[in-house]
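Trainee: I would like to learn how to read a model of two chains. Could we go through it feature by feature?

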Amino acid sequence: MTEFTPISALIGGGLIGLAAVLLMLLNGRIAGISGILGGLLRFDKGEFGWRAAFIAGLIVGPVVYMRMTGTQISITTPEPGWAVILAGLIVGVGTQIGNGCTSGHGVCGIARLSGRSIAATVTFLLTGVLTVTFVRHGLGGLA
Amino acid sequence: MTNSALFRVVSAFVVGLIFSFGLIVSQMIDPLKVLNFLDIFGNWDPSLALVLISAIIVTLIGYKLVLSRQTPIFEDLFRVPGSSEIDLKLLVGAALFGIGWGLIGLCPGPALAGIGLVIPQIFLFVVAVIIGINAYRIVLNWGQKL
């Protein structure tokens, strides 16, 4: 059970949007995480530096945030291990076949009113809901 | 390294930090929050719908202003995807992505930010994503050679 948190959701979403806008204004690039991560692994000349720096900022974010605010970030550890690995593999392959994830299609693509991104987002929200429904209410959880 | 190359790297780092803060503040970094958002037939937590809507509105307005410029600040041109065709490949990829996302509640952004919390399972997920990305590329290369 998690509480509905509308205010922090709106502020957090606004920060994500701000990051997407700044990356376009400064570097002229779409803030799609799977695209940046996938591109990083290709070691493209002239593109590696900013991609590595963006991912580094993403990773150190929680440490900087906790230092700045003096608060702890507690999240639920995903379990079990086999499902974590399986989910990671499917997500990795899916982002390559579908050219994007929640950030690239769901935020940047929809903001550009891209039909492709709207179709992709509707599709992954649908299969996401179906998967959670099947796992939680059909199987009674993963174990 | 030229000045603009340095600025590109520094600005990307700062933008990555802001993105990370957004995931933290919105709690999208928590897989349980994501699963409860997708669980519309259970104890539904609609918070992430507001995260998406808020991020989209800010980006939509920001892109309108930014893309009216001739060029970005530290680059020569804006790189925006040109393709508009909705094909089966797009839908199959997105469908797979949603299944993996719904299985444990993680997608690439929150997972990368989660590495900063030093949780082994999150690290495992990121490694699996990287393997998945490369596995697809290797298969694709084989297909092109045949």
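Trainee: How many salt bridges does the rule find across the interface of chain A and chain B?

Mentor: First, a note on the source: this is a predicted model, in which local features need pLDDT of at least 70 and side-chain atom pairs count only at pLDDT 80 or more, while totals for chains, interfaces and linings use all residues. Residues are numbered from 1 along each chain as its sequence is written, chains are lettered from A and ligands numbered from 1 in the order in which they are written, and side-chain values use heavy atoms, with hydrogens and water left out. Now the idea: a salt bridge is a side-chain nitrogen of Lys or Arg within 4 Å of a carboxyl oxygen of Asp or Glu. Across the interface of chain A and chain B, the rule finds four. A:Glu47 and B:Arg79 form a salt bridge, with their closest N and O atoms 3.6 Å apart.

Trainee: How many residue pairs are in polar contact between chain A and chain B?

Mentor: A polar contact is a pair of N or O atoms within 3.5 Å; within protein, one must be able to donate a hydrogen and the other to accept it, and residues adjacent in sequence count only if both atoms are side-chain atoms. Between chain A and chain B the count is 24 residue pairs, both residues being at pLDDT 80 or more. On the side of chain A that touches chain B, helix H1 (6-27) of chain A gives the most, with 21 residues. A helix here is a DSSP run (H or I, at least four residues), and a strand is a run of E (at least two), numbered from the N terminus. That side of chain A divides into 63 nonpolar, 37 polar and eight charged residues. Ala, Val, Leu, Ile, Met, Phe, Trp, Tyr, Cys and Pro count as nonpolar, Asp, Glu, Lys and Arg as charged, and the others, Gly among them, as polar.

Trainee: What area is buried between chain A and chain B?

Mentor: Buried area is the accessible area (1.4 Å probe) that two parts lose on being put together, summed over both. Here it is about 9600 Å², and carbon and sulfur atoms give 76% of it. The contact (heavy atoms within 4.5 Å) takes 108 residues from chain A and 102 residues from chain B.

Trainee: Is A:His105 buried or exposed?

Mentor: Buried means under 20% relative accessible area, exposed over 50%, and partly exposed in between (1.4 Å probe, protein chains only). A:His105 counts as buried because its relative accessibility is 5%. It is found in helix H5 (residues 102-111) of chain A. Its side chain reaches the backbone oxygen of A:Gly98 at 2.8 Å and makes a polar contact with the side chain of A:Ser117 at 2.9 Å. Not counting residues up to four places away in sequence, A:His105 touches several residues, including A:Phe124 and B:Leu90.

Trainee: Which residues does B:Arg8 touch, not counting residues up to four places away in sequence?

Mentor: They are A:Asn27, A:Trp50, B:Phe74 and B:Glu75. B:Arg8 lies in helix H1 (residues 3-25) of chain B and counts as buried because its relative accessibility is 17%.

Trainee: How many helices and strands does chain B have?

Mentor: Chain B has six helices and zero strands, and chain A likewise has six helices and zero strands. Buried residues make up 52% of the 146 residues in chain B and 57% of the 143 residues in chain A.
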